[in-house]
Amino acid sequence: MVVAQEKVEWQEVLTQTHAEKNPRLVRKGKGYSKIKSIVVLAFVVGVTGAIGAETIHLTVVQGAEIRALENEISAIKTKNDLLQMEADKLRSVGRIESVALSMGMEKPTGKVYMAGVVPAAKNEQGAPPTQAVTQAESKPTALQQFSRKFTSFFASTQR
């Protein structure tokens, strides 16, 4: 290991001060450290303020926007319900009958044939049907199935 040695002459007076030998370590005084502390403090306060402003924006402003949108959604749902009720009124059979009669249509007389499955009516006496009748209704024969499809096809072409 090689070490450099500095020769110091003991009789000579040292003319250089420590500051002159190493100028990087020299500070300009106590004012420099105060200014540096103030700048760092201002930076920290600025960053904290920016974060606080963004947080307020997220919580207050966007919260108000969310409440406004929720109110708009509830108003639209209410309007949708009212429109659905109006559509149900317009689809009612009684209203369609009255409009048809006012347009000059007449109610059919006699037997009315309808396409599709019609629920079985009770017998005239009001007694429950016998087992033989319920078995016949629950399991239609191939001929009955064919006749239902045939009549429903022709009924659908009449529309």
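Trainee: Which residue forms a salt bridge with Asp 88?

Mentor: The model is a predicted one. Side chains of opposite charge can pair when their charged atoms come close. For Asp 88 and its partner, the closest N and O atoms are 3.7 Å apart, and a salt bridge requires a distance within 4 Å. The partner is Arg 91.

Trainee: How are Asp 88 and Arg 91 placed in helix H2?

Mentor: Asp 88 is partly exposed, at 41% relative accessible area, whereas Arg 91 is exposed, at 58%. The two are three residues apart in helix H2, so their separation is about one helical turn.

Trainee: Which residue meets Glu 97 in a salt bridge?

Mentor: The N to O distance of this pair is 3.6 Å, and the cut-off is 4 Å. Glu 97 lies in helix H3 (residues 93–102) and its partner in the loop between H3 and helix H4 (131–138), so the pair ties together parts that are ten residues apart in sequence. Glu 97 is partly exposed, at 38% relative accessibility. The partner, exposed at 53%, is Lys 107.

Trainee: Is Phe 43 buried or exposed?

Mentor: Phe 43 is found in helix H2 (residues 30–91). Together with Val 40, Val 44, Val 47 and Ile 51, Phe 43 makes a nonpolar surface patch of about 470 Å². Its relative accessible area is 59%, and a value over 50% counts as exposed. Phe 43 is therefore exposed.

Key
Residues numbered from 1 in each chain as written. Predicted model: local features only at pLDDT ≥ 70, side-chain atom pairs only at ≥ 80, totals over all residues. Heavy atoms only, no water. Patch = residues over 30% accessible without salt bridge, like charges linked within 9 Å, V, L, I, M, F, W, Y side chains within 5 Å. Areas by Shrake-Rupley, 256 points an atom, 1.4 Å probe, with all protein chains shown as cover. Salt bridge = Lys/Arg side-chain N within 4 Å of Asp/Glu carboxyl O. Helix = DSSP H or I, 4+ residues; strand = E, 2+ residues; numbered from the N terminus. Buried < 20%, exposed > 50% of the residue type's maximum accessible area, 1.4 Å probe, protein only.
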